[in-house]
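Please keep the sequence and the structure in view while reading.

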Amino acid sequence: MKKLPRKARRRAGKPDRVSAQEDRRRPRFSHELSVLYEDDAVIVLDKPAGLLAVPIKGSDTPSALSLLVAKLKLKRQRALVVHRIDRFASGALLFAKTIPDRDALVRQFLAHTPVRQYLAVLRGRLGVKAGTLVHYFRREGMFQQLRTARDPQAARAELRYSVERLFADASLVRVELVTGLQNQIRAQFLAMGHPVIGDRKYHRTESSEQLIARVALHAAYLQFVHPRSAESVSIDCKLPLDFQHLVRELSRSSRARR
């Protein structure tokens, strides 16, 4: 057998450093759904970043809903949307299996009673370790535009946050939604001058971020009242690998600056 040159052997046996970094920073998903909780009434998925929550009209791009519909059809069950999370965010996503169950859950979300907590990595160091943010936005197209309370068409956005970790020039925060506007976390922290790292939709310069290839936003915890038993259901969703990579590299950078 003809031997490979030493350089070629090294590349064949082990990925080069750039390729390995590229692999860690990108989200991964397949058509195999990761189920966090399931019973006859509800199912909670661990939605990976990059996968749509629901289908785009006129497109055959896979979504969490379309994949779940196909999966549950084999058991003669349905999948019905209760709430959504952004395409490039990851984390816990709740569906119902019957119309009465969905209606009961949707009423909870309209009343803002479920506990929805996200982990986000923000650009810059937050000076206040915990607080409440209130803003007013008007949705224009795919974007939330900052407005004032005097705008009759503006919707109120409120969230609570606490800093879990500070890095050299970034902050890992836990966010609890009080209201539930589309892109709310991204828009509110941008209004504070701290865009979510990797959020190229609301802050174009984030497209050059090298440590993660999507918005650093993860739905880490969900608590709701079960529509049949009336008992509290709590779901934890661990950080995906690309988010872990971001936090690890930011930690290393912070230590190097000391």
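The structure holds one cavity of 30 Å³ or more. On a 1 Å grid over the protein atoms alone, a cavity is a set of points where a 1.4 Å probe fits but cannot get out, whereas a pocket is an open set with protein on both sides within 12 Å along at least five of seven lines; lining residues have an atom within 4 Å of a point. Grid points are joined across faces, edges and corners, and a volume is the space filled by probe spheres set on the points. The model is a predicted one, in which local features need pLDDT of at least 70 and side-chain atom pairs count only at pLDDT 80 or more, while totals for chains, interfaces and linings use all residues. Residues are numbered from 1 along each chain as its sequence is written, and side-chain values use heavy atoms, with hydrogens and water left out.

The largest cavity contains about 40 Å³ of space. Its lining consists of His-83, Ile-85, Ala-92, Arg-116, Tyr-118, Ala-219, Tyr-221 and Leu-222. Strand 5 and strand 10 are the elements that give two or more residues to this lining, and strand 10 gives the most, with three residues. Helices (H or I, at least four residues) and strands (E, at least two) are DSSP runs, numbered from the N terminus. By class, the cavity lining has six nonpolar, one polar and one charged residues; Ala, Val, Leu, Ile, Met, Phe, Trp, Tyr, Cys and Pro count as nonpolar, Asp, Glu, Lys and Arg as charged, and the others, Gly among them, as polar.

The largest pocket has a volume of about 1000 Å³. Of the 41 residues that line this pocket, Arg-84, Ile-85, Asp-86, Gln-182 and Asn-183 are the closest to its centre. Helix 4 (99-110), strand 5 and helix 5 each supply at least two residues of the lining. The pocket lining divides into 22 nonpolar, nine polar and ten charged residues.

Which residues of helix 4 are buried? They are Asp-101, Ala-104, Leu-105, Gln-108 and Phe-109, where buried means under 20% relative accessible area, exposed over 50% and partly exposed in between (1.4 Å probe, protein chains only). Seen down the axis of helix 4, these buried residues fall within an arc of 140°, so they line one face of the helix; the arc is that of the directions from the helix axis to the C-beta atoms. On the other side of helix 4, Pro-100, Arg-107 and Leu-110 are exposed. The cover over the buried residues of helix 4 includes strand 2 (42-47), strand 4 (90-96), strand 5 and strand 10, contact meaning heavy atoms within 4.5 Å.

Helix 4 is followed by His-112, whose phi is positive, near 60°. His-112 is found in the loop between helix 4 and strand 5 and is partly exposed, with a relative accessible area of 43%. Ala-230, in the loop between strand 10 and strand 11 (232-236), has a positive phi near 65°. Ala-230 is exposed, with a relative accessible area of 58%.

Helix 5 (residues 184-191) is mostly covered, with six of its eight residues buried: Gln-184, Ile-185, Arg-186, Ala-187, Gln-188 and Phe-189. Among the elements that cover these residues are strand 8 (155-166), strand 9 (170-177) and strand 10 (217-225). Just after helix 5, Gly-193 takes a positive phi of about 85°.
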